[in-house]
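Subject: Structure for you to look at

Dear colleague,

I am passing on the structure we spoke of, with some notes on what turned up in it. Please keep it open beside you as you read.

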Amino acid sequence: MYDSVQASVIESVASRLNGFFYRCQNDAGYTMLFMTEGIETMTGYAVSEFINNRARTFTSIVEPKDVPLVDEAVAAGIQKRTNWEIDYRLIKRDGTPNWIHESGAGVFDDKGELLYLEGVCIDISPQKEQEGKLEQLVSRISGTSNDIVDAVQHILGELRTLKLLALNARIEAARAAEHGAGFAVVAQEMKSLADTTREEADRIRSLMETLQTLLRSDS
């Protein structure tokens, strides 16, 4: 157990963090042996409620869907004797979720026996909120770019029809000899317009496809 000096130093450091330090047992409820006051700021529950499971276990305030993820990360860290890093949600006293990032590790004795777990949990709710907004923005941009690509594909189809009409017009102009000269000029202009527009449409489609690729890689 921490002595008073150690606890004082840890509390001083913890007060500068938007989070809390802990030491707990490796059991189903993660029975707390020591916690700093940041847990109350973060969740609305007092430290005293968790120590030795006096009023509740730590697991009881973890989002139920996240409990298996936490257990898996802790088990893997203990087995490999490395730190675990995991994001998960705590359910506050008012029922709302609070995202935290936990960095923890097992503490072993000289014989290699696990004594307890300890680590730090930091509030990352603001970051998660921004990530959610960014994902929504990316989704909207991706949807819009899909619509643009579909529209360009339609334009390309229409241009293929225009080029075919221009080709037919040139054939008919050739058949009409000098009487079709004016018609031939119009046909050539139609073809030139179709070629130029197709090139621009292809360029837009290429840019939109590149944008979609970038959005998928960043999301």
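Using a cut-off of 30 Å³ or more, the count comes to one cavity, and please bear in mind throughout that this is a predicted model. About 60 Å³ of space lies in this largest cavity, and its lining is made up of Tyr22, Cys24, Tyr30, Met32, Phe58, Val70, Val74, Trp84, Tyr88, Glu102 and Leu117. Two or more residues of that lining are given by each of β1 (19–24), α3 and β3 (84–91). Sorted by class, the lining has ten nonpolar residues, no polar ones and one charged residue.

Turning to strand β4 (residues 97–108), you will find Ser103 there, and its side chain makes a polar contact with the side chain of Glu85 at 2.8 Å. Once residues up to four places away in sequence are set aside, Ser103 touches Asn83, Trp84, Glu85, Gly119 and Val120; of these, Trp84 is also one of the residues that line the largest cavity.

Although Gly44 and Lys92 are 48 residues apart along the chain, their C-alpha atoms are separated by 6.2 Å, and, leaving aside neighbours within four places in sequence, Gly44 is in contact with Ile39 and Arg93.

With best wishes

Technical notes:
Residues numbered from 1 in each chain as written. Predicted model: local features only at pLDDT ≥ 70, side-chain atom pairs only at ≥ 80, totals over all residues. Heavy atoms only, no water. Contact = heavy atoms within 4.5 Å. 1 Å grid on protein atoms, 1.4 Å probe; cavity = no way out; pocket = protein on both sides within 12 Å on 5 of 7 lines; lining within 4 Å. Points joined across faces, edges and corners; volume = space filled by probe spheres on them. Helix = DSSP H or I, 4+ residues; strand = E, 2+ residues; numbered from the N terminus. Nonpolar A, V, L, I, M, F, W, Y, C, P; charged D, E, K, R; others polar. Polar contact = N/O pair within 3.5 Å; in protein donor to acceptor, adjacent residues only side chain to side chain.
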